[in-house]
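Subject: The two-chain model, and what turned up in it

Hi,

Here is the structure I promised to pass on. Have a look at it first, and then read on for my notes.

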Amino acid sequence: MNRDKIWHLFARKLSGESSRDELQELQSLVEEDSPLKYEMDAITQLWEQQHPQDTEYLEATYHLHYEKMKKLGVAPVSADNEVVYFQDDKRRTIKKSRLIAAVVLAGLIVTAAFVFLKPGKLPAKVEAAEQQAQIIPNEIKTKRGSNTQFKLPDGSTVWLNADSKLNYSKINATGVREVYLTGEAFFDVVRNPERPFIIHTESIDIKVLGTTFNVKAYPDDKTIETSLIHGSVEVMVKSRPHEKYLLKPNQKLVLMNEQYAEKREKDQRVMPVNIPIVFVKQINYLQGDTAARETSWVRNKLSFEDEPFAELAKRLERWYDVSIEFKNKEIEEIELSGSFEQETLTQVLEAVRFINNYKFKYKIEGKQVVIF
Amino acid sequence: MTEIALQTIHPYKKIQDLQRRIAVYDDEAAYKELFFILFHSLTKFSTGIVQTKETAEEIVSDVFISIWNDRTRLQEIEDLQLYLFIAVKNNSIRKLKQQNKTRTVSIDELSVEMDSAYQDPEARVLSSESLHNIEQVIENLPHRAKLIFKLAKEDKMRYKEIAALLNISVKTVDHQLAITLKKMALALGATFRRKK
């Protein structure tokens, strides 16, 4: 036998090039507790250790790179997401589009002042207008069909899903950490026991110390969900002020959305089904995946389990920036499971059609989808 | 910060995902992340050719600009990491030829710096003596062997990508890596046996 074969097999194993047979062959060649095994283990550990990123150097280099792009007139402008970069708590740079907006706003207020106010009072009002223009609302919005990731001034990271809004004007140097969320976001909150982080939504408040979790609170969804990955969170439901819910990792709190229930009632003149308003469930993990189904959107994966087509359609609307109309109520109730990643809307609809034996048809016209 | 599953996904999947976000959504955050993941490796690779870090940084930055400018066609690229390495290689060689006029460049002349063998203090497996011996082995490797080792270990490149980048056969990559690992194991073995 070629005496160097073992090193070829080892090299392939480390580089992820081995076939299953080659892995088995290597295992049979290297005896347990042999010096060779020890050496290979040590090399494997070294191989897998990655040098940590030098974030400071990269941050500085990217800044230079971005400036160069600006000079060339090709710098990315994230006007849609209005991302604000924070260097640290004291210094911040604001995107140009935001500044222009502020200037335009100041201009409008000043114009309004000229039209509506007596000349004598003008100077004071102009000053007020200037002050107002300086208070920039710290808000990040995403449109349908896009999502974004950013860092908050306290260092916490937020992934904001499509068609969502996060206001963080109440995060500041004095120690307050409060944000307002509409839509869906995944939070990785920097731990600070003295400064709890509070997320306000229309119907619930969530208090955390330091943890990773997902909040889904779209006004038109059937449920409001808080899914906890690490740490602990405390959820307060506004309509039930005397109760507090403490979540453990891998649990999610599901709250029936009253806004949604009322709207459904009006639309369809049906009595709401009698289901508990708040309940705690286990988080779903995808088969062969380390990520929870609830957070798979962060990786641009659309994943769902036993979800009525009508609910899935809402996610598709946000995901692909379309509006979906059902002409057939029966189709709306079909429960679906699956996950999509790179697929186009047509591919998704075709897949759903396939698993339902082509029971329905659809028509896509621009941004309108009709299912019948 | 707490560890989340996001950071453990395979670098290829990650790069594909960023590629899509840049192409489809003009996503600046994704562009920045791609820059963070690859800038260091690409600069090191280019430095091996042009010899000065500043020139290398300039070349890599220009390649990243062209990526942004052509982002609508970004998804046509099958392997973005390889594409970027090849673009950086070609631009670096062009730059070197400009500077030195007629000289041709062979990959056997490319020097490359490894990141120092980083040991997580909590998961320390090797004595500093063993580590030193291994570093010596890597330091004394022929240029090409070192570059192959570096691309496989640090940049997690596949054999066929390394072969495509360096214009060599997959067999050569396989062979060179095997020799390097054998040398490392021998150096380790020598240290262990002396201890006993």
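Let me start with chain A, where buried residues make up 45% of the 372 residues; buried means under 20% relative accessible area, exposed means over 50%, and partly exposed is in between, with a 1.4 Å probe and protein chains only. Please keep in mind that this is a predicted model, in which local features need pLDDT of at least 70 and side-chain atom pairs count only at pLDDT 80 or more, while totals for chains, interfaces and linings use all residues. As for conventions, residues are numbered from 1 along each chain as its sequence is written, chains are lettered from A and ligands numbered from 1 in the order in which they are written, and side-chain values use heavy atoms, with hydrogens and water left out.

The two chains

Chain A has 10 helices and 20 strands. Both kinds of element are DSSP runs numbered from the N terminus, helices being H or I with at least four residues and strands being E with at least two. Chain B, in turn, has eight helices and zero strands. In chain B, 53% of the 196 residues are buried.

For contacts, meaning heavy atoms within 4.5 Å, I looked at pairs with a sequence separation of 6 or more. In chain A, 48% of these join residues 24 or more positions apart. In chain B, the share that joins residues at least 24 apart is 67%.

The accessible surface, from the Shrake-Rupley method with a 1.4 Å probe and, for residues, only the protein chains shown counting as cover, is about 20,900 Å² for chain A, with 53% supplied by carbon and sulfur atoms. For chain B the surface comes to about 9,500 Å², and carbon and sulfur atoms hold 50% of that.

The cavities

A search of the whole structure gave three cavities of 30 Å³ or more. A cavity here is a set of points on a 1 Å grid, over the protein atoms alone, where a 1.4 Å probe fits but cannot get out; lining residues have an atom within 4 Å of a point. Grid points are joined across faces, edges and corners, and a volume is the space filled by probe spheres set on the points.

The largest cavity holds about 80 Å³. Among its lining residues are A:E184, A:K216, A:Y218, A:W297 and A:R315. Helix α8 of chain A (residues 309–320) gives the largest share of this lining, three residues. The lining has five nonpolar, one polar and four charged residues. In this count, Ala, Val, Leu, Ile, Met, Phe, Trp, Tyr, Cys and Pro are nonpolar, Asp, Glu, Lys and Arg are charged, and the others, Gly among them, are polar. Because domain 3 (143–294) and domain 4 (301–372) of chain A both give residues to the lining, the largest cavity lies between them; the domain bounds come from an automatic or database domain assignment.

The second largest cavity has about 60 Å³ of space. Its lining includes A:N147, A:N300, A:W319, B:R20 and B:Y25. Two or more lining residues come from α8 of chain A and also from α1 (11–25) of chain B. By class, the lining of the second largest cavity has three nonpolar, five polar and two charged residues.

A few single residues

A:T226 sits in strand β11 of chain A (residues 223–230) and is buried, at 1% relative accessible area. Beyond its neighbours within four places in sequence, A:T226 is in contact with residues including A:I204, A:F213, A:V235 and A:L247.

A:V176 is in the loop between β6 (165–171) and β7 (177–188) of chain A and is partly exposed, at 28%. Not counting residues up to four places away, A:V176 touches A:K170, A:I171 and A:R195.

Which backbone angles might you want to check in chain B? B:Q51 has a positive phi of about 80 degrees although it is not a glycine, and B:N167 has a positive phi near 55 degrees. Most residues other than glycine have a negative phi. B:Q51 lies in the loop between α2 (28–50) and α3 (53–69) and is exposed, at 52%. B:N167 lies in the loop between α7 (159–166) and α8 (170–195) and is exposed too, at 64%.

Best wishes

Conventions. On a 1 Å grid over the protein atoms alone, a cavity is a set of points where a 1.4 Å probe fits but cannot get out, and a pocket is an open set with protein on both sides within 12 Å along at least five of seven lines; lining residues have an atom within 4 Å of a point.
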